[in-house]
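I opened the notebook to look up how this protein is built and what lies on its surface. My entries follow the display.

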Amino acid sequence: MATYFIIAVVAYLLGSIPFGYLLVRAFRGHDIRESGSGNIGATNVARSAPGLGLLTLVLDAGKGALAVLAAVALLSYFDSGSFPGFSWEAIEQAQPAAALAARSAVRLDRVHDFHRFDDQQRIADLHDAAD
């Protein structure tokens with residue numbers, strides 16, 4: 001049970017990285033939440049900087065995939081004491097953990113301080129976690 005708690009926490013932390021906010025702040029020097037729709041997602045970022053919007057989309061999708069891969073790796077590590085690599089067998093055995101990681105990364109990532117606790121769209125994360 002502790003393994004699944006650790007997986008949920010790791011997935012939440014990965015999912016809570018606000019790439020749209022961070023990219024616009026770093027490259028444009030303003031808060032993306034104060035322009036357009038007020039969301040930090042790829043669509044709103046693309047309105048002010050199309051290249052950053054695309055990068056936001058890729059990074060948001062990537063964090064969903066990384067959460068699932070991290071769940072498989074962590075479950076393999078806790079079960080065997082080492083990282084045996086990614087095989088179809090390891091992924092099949094880790095399906096509950098992968099589902100928990102996907103849900104944690106996607107559902108929980110949009111309700112933290114960077115979003116002012118405002119539920120936002122999760123299209124990129126959902127799409128990649130579902131794959």
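Entry 1, overall layout. Reading along the sequence, I get the pattern α-α-α-α-α-α-α. The secondary structure comes to seven helices and zero strands. I note that the model is predicted.

The protein has 131 residues, and I find 42% of them buried.

Which residues make the nonpolar surface patch? I list Phe5, Ile6, Val9, Leu13, Tyr77 and Phe78. The patch covers about 550 Å².

Entry 4, where the patch comes from. I looked up which helices supply it. Helix α1 spans 2-15 and helix α4 spans 50-80, and each gives at least two residues to the nonpolar patch. The largest share comes from α1, with four residues.

I picked Phe78, which sits in helix α4. Is Phe78 exposed, partly exposed or buried? Its relative accessibility is 37%. Buried would need under 20% and exposed over 50%, so Phe78 counts as partly exposed.

I checked how α1 and α4 are placed. Their axes come within 9 Å and cross at roughly 155°. Angles over 145 degrees count as roughly antiparallel, and α1 and α4 are therefore roughly antiparallel to each other. I also noted the hand of the crossing of α1 and α4, which is right-handed.

The helices α1 and α4, which both supply residues to the nonpolar patch, are the pair whose axes I found crossing at roughly 155°.

Definitions and conventions: Residues are numbered from 1 along each chain as its sequence is written. This is a predicted model: local features need pLDDT of at least 70, side-chain atom pairs count only at pLDDT 80 or more; totals for chains, interfaces and linings use all residues. Side-chain values use heavy atoms; hydrogens and water are left out. Patches are made of residues with over 30% relative accessible area and no salt bridge: like charges are joined within 9 Å, nonpolar side chains (Val, Leu, Ile, Met, Phe, Trp, Tyr) within 5 Å. Accessible areas come from the Shrake-Rupley method with a 1.4 Å probe; for residues, only the protein chains shown count as cover. A salt bridge is a side-chain nitrogen of Lys or Arg within 4 Å of a carboxyl oxygen of Asp or Glu. Buried means under 20% relative accessible area, exposed over 50%, partly exposed in between (1.4 Å probe, protein chains only). Axes are lines fitted to C-alpha atoms, for helices over the stretch in contact, and angles run from 0 to 180 degrees between N-to-C directions. Angles under 35 degrees count as roughly parallel, over 145 as roughly antiparallel, 65 to 115 as roughly perpendicular and the rest as oblique. A crossing is left-handed if the near helix is turned anticlockwise from the far one by less than a right angle, and right-handed if clockwise.
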